[in-house]
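Please consult the sequence and the coordinates alongside it.

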Amino acid sequence: NLQLRIISAVVLAAVVFGLSWLGGPAFRLLAIVIGLAVYFEWQAMAGQGRSGAYRAFCWASMIACFVLILAGVAPGWMFGAVALAVVAAALAGMFLGQGLGVAAGLAYAGFPAAALSLLRGDSPEGIVAVIFLFATVWATDIFAYFAGRRFGGPKLAPRISPNKTWSGAAGGAAAA
């Protein structure tokens, strides 16, 4: 399990560093892929019991936002599109009795994807900021894993993620 984690981490890190170095559309595509992964996971959790048409509407809204991010439109347009998608999905969710959970995922995935694409930008400072961000996230994840394995203890949220412990959370926070 650890060996597979290390191999996949090295491969993914090489891809992420390469796309981060390139910047521009290549990095915006990376930000979109990350956003899609986040939204897919959110939909898997919050989309249970929701109508297929409503979920398709939310996916279409998210993809439209990501097309604008990929195109590199002005920040106001990016964030405005995500905000409009969130409001439209929330209104549709309330009108159709679908709740706000899936619409909240649009904000949870869309705003960070737009922000990440803008953080990199085209400046030398952008690449430094992005590398620092990724290094912090990766250090948090790595130290949380090893602290949780080493110290164990009470579970953090057993229904959501049964292997996460409080000691792992503390180790990850310390690393960050």
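**Questions on the model**

F143 lies in helix α6. This is a predicted model, in which local features need pLDDT of at least 70 and side-chain atom pairs count only at pLDDT 80 or more, whereas totals for chains, interfaces and linings use all residues. Residues are numbered from 1 along each chain as its sequence is written, and side-chain values use heavy atoms, with hydrogens and water left out.

Reader: In what order do the elements of the protein chain run from the N terminus on?

Author: Helices (H or I, at least four residues) and strands (E, at least two) are DSSP runs, numbered from the N terminus. The protein chain has 7 helices and 2 strands. Their order from the N terminus is α-α-α-α-α-α-β-β-α.

Reader: Which residues does F143 touch, not counting residues up to four places away in sequence?

Author: Contact means heavy atoms within 4.5 Å. F143 and I63 are 80 residues apart in sequence and 34 Å apart in space, C-alpha to C-alpha. With residues up to four places away in sequence excluded, F143 touches G171, G172 and A175.

Reader: How are α2 and α3 oriented to each other, roughly parallel or roughly antiparallel?

Author: Axes are lines fitted to C-alpha atoms, for helices over the stretch in contact, and angles run from 0 to 180 degrees between N-to-C directions. Angles under 35 degrees count as roughly parallel, over 145 as roughly antiparallel, 65 to 115 as roughly perpendicular and the rest as oblique. The axes of α2 and α3 (residues 52-71) are 9 Å apart, at an angle of about 165°. The two helices α2 and α3 are therefore roughly antiparallel.

Reader: How do the residues of the contact of α2 with α3 divide by class?

Author: The contact is made by residues including L29, I32, L36 and F40 of α2 and W59, M62, F66 and L70 of α3. Ala, Val, Leu, Ile, Met, Phe, Trp, Tyr, Cys and Pro count as nonpolar, Asp, Glu, Lys and Arg as charged, and the others, Gly among them, as polar. On that basis the contact of α2 with α3 has 13 nonpolar, 2 polar and 2 charged residues.

Reader: How many charged residues has the contact of α3 with α4?

Author: The axes of α3 and α4 (residues 75-95) come within 9 Å and cross at roughly 175°, and the two helices are therefore roughly antiparallel. Among the residues in contact are F57, C58 and L68 of α3 and A81, A85 and A88 of α4. By class, 14 are nonpolar and 2 polar, and the number of charged residues is none.

Reader: Which element gives the most to the lining of the largest pocket?

Author: On a 1 Å grid over the protein atoms alone, a pocket is an open set of points where a 1.4 Å probe fits, with protein on both sides within 12 Å along at least five of seven lines; lining residues have an atom within 4 Å of a point. Grid points are joined across faces, edges and corners, and a volume is the space filled by probe spheres set on the points. The largest pocket has a volume of about 1000 Å³, and of its 27 lining residues the closest to its centre are R5, D141, I142, A144 and Y145. The most, 9 residues, is given by α6.

Reader: Which element supplies the largest share of the lining of the second largest pocket?

Author: The second largest pocket has a volume of about 730 Å³. Of its 17 lining residues, the closest to the centre are I34, A37, V38, E41 and Y108. The lining comprises 14 nonpolar, 2 polar and 1 charged residues. Its largest share, 8 residues, comes from α2.
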